[in-house]
Amino acid sequence: MCALAGGKSVGTTMGFTALDGCPMGTRCGELDPGVVIYLARERGMNADEIETLLYKKSGLLGISGVSNDMRDLLESDAPDARLAVDFFVYRIVCELGSLAAALGGIDGIVFTAGVGENSAVIRKRICERVAWLGVDLDAGANESGGPRISRAGSRVSAWVIPTNEELMIARQTRKVLAGGKGLQ
């Protein structure tokens with residue numbers, strides 16, 4: 001997640017790597033650094049094993065034990081699948097609150113990429129939890145995928161905007177190769 005002001009990032013959920021911040025399909029997200037020490041000392045794991053655990057066996061997959069795919073988790077009756085979804089929503093809401101604080105308030109929220117673009121259920125749950133920020137979700141618009149999913153009078157607008165990461169990478173690469181500076 002990223003907080004933008006005037007087109008510039010003023011806050012992000014990522015740290016040194018994409019491992020930090022929000023939980024993902026197989027990545028843990030925010031983690032107490034003491035966990036790494038515990039895994040090494042108490043579980044006898046080496047750096048490669050810890051890296052595999054944190055990057056490939058954690059996140060939604062690690063919590064649920066079912067899948068790293070939100071669609072599978074939403075369809076599952078397994079209690080741990082529900083726990084993974086609940087945790088995901090909780091962490092997104094917490095991160096959103098932090099980014100709103102970094103900005104001193106927000107004008108809008110954009111849902112994008114896999115879960116953001118494709119899961120009306122997750123968007124609904126997040127918007128309901130951040131209604132205190134001024135988001136007034138339009139249930140019908142959310143179910144149909146937007147693009148605007150907040151009511152016209154909502155103090156904070158909410159949107160579903162498709163992403164094309166590969167296109168953005170290609171454009172920035174072309175700019176750099178042509179002698180430009182790419183992203184600033």
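Read along the sequence, this chain goes β-β-α-α-α-α-α-β-α-α-α-β-α. In total there are 9 helices and 4 strands, where helices (H or I, at least four residues) and strands (E, at least two) are DSSP runs, numbered from the N terminus.

A quick word on where this comes from. This is a predicted model, in which local features need pLDDT of at least 70 and side-chain atom pairs count only at pLDDT 80 or more, while totals for chains, interfaces and linings use all residues. Residues are numbered from 1 along each chain as its sequence is written, and side-chain values use heavy atoms, with hydrogens and water left out.

Now the overall picture. Taken along the principal axes, the C-alpha atoms of the chain fill a box of roughly 55 × 50 × 30 Å. The chain has 184 residues, and 33% of them are buried; buried means under 20% relative accessible area, exposed over 50%, and partly exposed in between, with a 1.4 Å probe and protein chains only. If we take contacts (heavy atoms within 4.5 Å) between residues at least 6 apart in sequence, 48% join residues at least 24 apart.

Strand S1, residues 2-5, pairs with strand S2, residues 8-12, in the antiparallel sense over 4 bridges. Two strands pair here if DSSP finds at least two bridges between them. If you want to follow the pairing on screen, Ala3 has Gly11 in S2 as its bridge partner, and Leu4 stands opposite Ser9. S1 and S2 form a hairpin with 2 residues between them, and in the turn Gly6 has a positive phi of about 60 degrees.

Which other residue has a positive phi, although it is not a glycine? That is Ala113, with a phi of about 65 degrees. Most residues other than glycine have a negative phi. You will find Ala113 in helix H6, residues 113-118, and Ala113 counts as partly exposed because its relative accessibility is 28%.

On to the helix packing. Two packed helices are described by the angle between their axes and the distance between the axes. The axes are lines fitted to C-alpha atoms, for helices over the stretch in contact, and angles run from 0 to 180 degrees between N-to-C directions.

Take helix H1, residues 34-41, and H2: their axes come within 10 Å and cross at roughly 135 degrees. H1 and H2 are therefore oblique to each other; angles under 35 degrees count as roughly parallel, over 145 as roughly antiparallel, 65 to 115 as roughly perpendicular and the rest as oblique. The crossing of H1 and H2 is right-handed, meaning that the near helix is turned clockwise from the far one by less than a right angle, with anticlockwise being left-handed. Val36, Leu39 and Ala40 of H1 make the contact with Ile50, Leu53 and Leu54 of H2.

Let me stay with Leu53 for a moment. Leu53 lies in helix H2, residues 47-56, and is partly exposed because its relative accessibility is 24%. Not counting residues up to four places away in sequence, Leu53 touches Thr26, Leu39, Met45 and Ser58. Thr26 is 27 residues from Leu53 in sequence, and 8.7 Å from it in space, C-alpha to C-alpha.

The second pair is helix H5, residues 79-103, and helix H7, residues 120-129, with axes that come within 10 Å and cross at roughly 45 degrees. That makes H5 oblique to H7. H5 passes H7 in a right-handed crossing. On the H5 side, the contact residues include Val85, Phe88, Ile92 and Leu96, and H7 brings Ile122, Arg125, Ile126 and Arg129.

Is Asp107 buried or exposed? Exposed, because its relative accessibility is 67%. Leaving aside neighbours within four places in sequence, Asp107 is in contact with Arg155, Val156 and Ser157. Asp107 and Ser157 are 50 residues apart along the chain, with 6.4 Å between their C-alpha atoms.

Last, the cysteines. How many disulfides does a search of the whole structure find? The search finds 0, a disulfide being a pair of cysteine sulfur atoms within 2.5 Å. For Cys22, the closest cysteine sulfur is in Cys94, 9.9 Å away, which is too far for a bond. Cys22 counts as buried because its relative accessibility is 9%, whereas Cys94, at 31%, counts as partly exposed.
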